[in-house]
Amino acid sequence: MRAAGDRALLVIPPSRALIPPLLAALGVRLDGVVDVLPAAETVLVTLAAPADAEPVRRRLTAVLADLAATAAGAQGPPWPSDRVVSGSSPAHDPDAGTDPLVVPVRYDGADLPHVAELLGLTVDEMIAQHTGVEWRCAFVGFAPGFGYLESPDGRLTVPRRAQSRTAIPPGAVALAGGYSAVYPRRSPGGWQLIGTTDVRMWDVDRDPPALVRAGTRVRFAAVDR
């Protein structure tokens, strides 16, 4: 755990697997903590005042020790239902709780055959792998609304493209480095494109604008159109 200025702590868990339960533990807001920002291997904890640094550090150290001791038996709860979103979906429903967001995907990406070949799968098998697991948003970065989704078993891990594309359209569904993501807007990118969706991942007219945030669970569903 490192100081990040006088009002924040950078937590570096011994394992990336501890980040989701750490975020869940921090969801029960600790005194002195005003914000929590996860990344691929770290969690930035912002403090209310410099005087909170030491008590929060002690509490976080105890939380991490407890999580490390119980990580092997930690399992997420079963989710009772799915929440399907279409391209014309209204604002994110805060009452949806922890139900997975279901994103319909046309598996028509330019890199789909190449990705299947990299994984030693047929295209149909690769699609079944992508739709057959519940993904979790580990963190958001690169662009507003760009959620890095990871699977519990690390499936479909493929490298980035050797050469990035100069423009990827919004709604492109992609894989790279063990993550899946949906491009929220037109931008350059080097991920492997496997499909497209009409779901708007970022919409300034929504509250909040981002459809996925750290901890959001996502399922992909194959559709024809």
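How many aromatic pairs does a search of the whole structure find? The search finds 10 aromatic pairs. Rings of Phe, Tyr and Trp (its six-membered ring) pair if their centres lie within 6.5 Å; planes under 30 degrees apart count as stacked, over 60 as edge-to-face and the rest as tilted. One of the pairs is formed by phenylalanine 139 and tyrosine 179. Their centres are 5.8 Å apart, with 85° between the planes, and the pair is edge-to-face. Phenylalanine 139 lies in strand β7 and tyrosine 179 in strand β11 (residues 179-182), so the pair ties together parts that are 40 residues apart in sequence. Both residues, phenylalanine 139 and tyrosine 179, are buried. Buried means under 20% relative accessible area, exposed over 50%, partly exposed in between (1.4 Å probe, protein chains only).

The model is predicted: local features need pLDDT of at least 70, side-chain atom pairs count only at pLDDT 80 or more, and totals for chains, interfaces and linings use all residues. Residues are numbered from 1 along each chain as its sequence is written, and side-chain values use heavy atoms, with hydrogens and water left out.

Ring pairs also link a cluster: Phe139, Phe142, Phe146, Tyr148, Tyr179, Tyr183 and Trp191. Within it, phenylalanine 142 and phenylalanine 146 have ring centres 5.1 Å apart and planes at 75°, so this pair is edge-to-face. Phenylalanine 146 is buried, at 1% relative accessibility. Phenylalanine 142, in contrast, is exposed, with a relative accessible area of 52%.

Now the backbone. Most residues other than glycine have a negative phi, and most peptide bonds are trans. Phenylalanine 142 has a positive phi of about 70°. This residue sits in the loop between β7 (135-140) and β8 (147-150). Leucine 156 also has a positive phi, near 60°. Its loop runs between β8 and β9 (165-168). Leucine 156 is buried, with a relative accessible area of 5%. A cis peptide bond joins aspartate 207 and proline 208, with omega about 0°. Proline 208 lies in the loop between β13 (192-196) and β14 (217-222).

Finally, the whole chain. The protein has 4 helices and 14 strands. Helices (H or I, at least four residues) and strands (E, at least two) are DSSP runs, numbered from the N terminus. Of the 225 residues in the protein, 41% are buried. Among contacts (heavy atoms within 4.5 Å) between residues at least 6 apart in sequence, 59% join residues at least 24 apart.
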